[in-house]
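Thanks for coming. I will go through a few places in this structure, one after another. Please have the sequence and the view open.

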Amino acid sequence: MSVKPWIAALGALAAVLVIPPLVSAGDADDPGAQVRGLRIMVPNTPGGGYDITARTAAKAMEDAGLTRSVEVFNLPGAGGTVGLGRLVNEAGNEKLIMSMGLGVVGSVHTNNSPSSLQDTTPIARLIQEPDIVVVAKDSPYRDIAQLIDAWKADPGKVAVGGGSSPGGPDHLAPMLFAKAIGLAPKNVNYVSYDGGGELLASVLGGKIAFGVSGVGEYRDQIASGDLRVLAVTSKDRIDGIDAPTLRESDVDVEFTNWRGIVAPPGIPAGDTDKLVRLFTDLQDTKQWREALKTNGWTPAFLPGKQFGDFLADENDRVASVLSDLGL
């Protein structure tokens, strides 16, 4: 019997073993294969802006085929700094990321957090979103002028709630609002909630006079008529929201919130690049574009290092605003 066929077969087998497959888990043209077992931590309660952003992004990624089986879980506490501490302690874990935003920047200052966003690996800023001033459908305040009159007459009685701790967007926006109409921020009766879900229950239940939150969190309640929007904090009016801007109402305030994604420190550069690419590719999907429109979000993508530079600037800006407000 000739040995040549056996030699040929062994050579073919060796080629299969040593030559990498054309399509592999790390193929640059297959971003969905690059990140497996991804977990997104939400550092506040279900129903808030970070939660909605995380779950919307996860679903869009999966529906677009960029990745599979993304797990979203909540770890609320201390305005997001409990989750931040967990993230920082997970150094080197490339499978864990955190949904966050301006609120965490402020909470680091007001809660004297031992961990800061400068300790994390910046992945991407995703969206910007204006805040809205909302009341329940049975509120006595039919427009923003009535609310302002009542607030100025008795600021302690007219409580305002926000889905972030002091220093977060839902706190900074009403404080800037108050200052613009001549109220001292220290006299504002601000009630802090750990996310938009808790805030919504208090607005609807009449526990506070009005709330300030992101527009995307309450679109369903606005559409159903359970909530009435008195004003928006954006430069221009928002499509589908029948309410003036604060500046139209002679209140010199323009305010925009933002949200993004960070990862633990100490992640290898290759894994960081994979995560940045995943969120970069997300921007071009039909699913994400539809989500932006549905939630009233403005695309504001900044990848990796650009987002890190932005975070450093925001940290300084928030510290300055808190100081100016005497907070």
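In which sense do β3 and strand β9 pair, and over how many bridges? Keep in mind that this is a predicted model. The pairing of β3 with strand β9, residues 256-263, is antiparallel, and it runs over 4 bridges.

Arg39 has Leu96 in β3 as its bridge partner.

Now β3 itself, residues 96-101. Is this strand mostly covered or mostly open? Mostly covered: 6 of its 6 residues are buried. Leu96, Met98 and Met100 point one way from the strand, while Ile97, Ser99 and Gly101 point the other way, and all of them are buried.

Next, a loop. Gly168 sits between β5, residues 160-162, and α6, residues 169-180. Gly168 counts as buried because its relative accessibility is 0%, and the cut-off for buried is under 20%. Setting aside residues up to four places away in sequence, Gly168 touches Leu102, Gly103 and Gly106. Ser192 is 24 residues from Gly168 along the chain, and their C-alpha atoms are separated by 9.8 Å.

Last, a helix. Thr272 is found in α9, residues 269-282. Its relative accessibility is 13%, so Thr272 counts as buried too. What does Thr272 contact, leaving aside neighbours within four places in sequence? The contacts are Thr121, Ile123 and Ile267.

Terms used
Residues numbered from 1 in each chain as written. Predicted model: local features only at pLDDT ≥ 70, side-chain atom pairs only at ≥ 80, totals over all residues. Heavy atoms only, no water. Helix = DSSP H or I, 4+ residues; strand = E, 2+ residues; numbered from the N terminus. Buried < 20%, exposed > 50% of the residue type's maximum accessible area, 1.4 Å probe, protein only. Contact = heavy atoms within 4.5 Å. Pairing = 2+ DSSP bridges.
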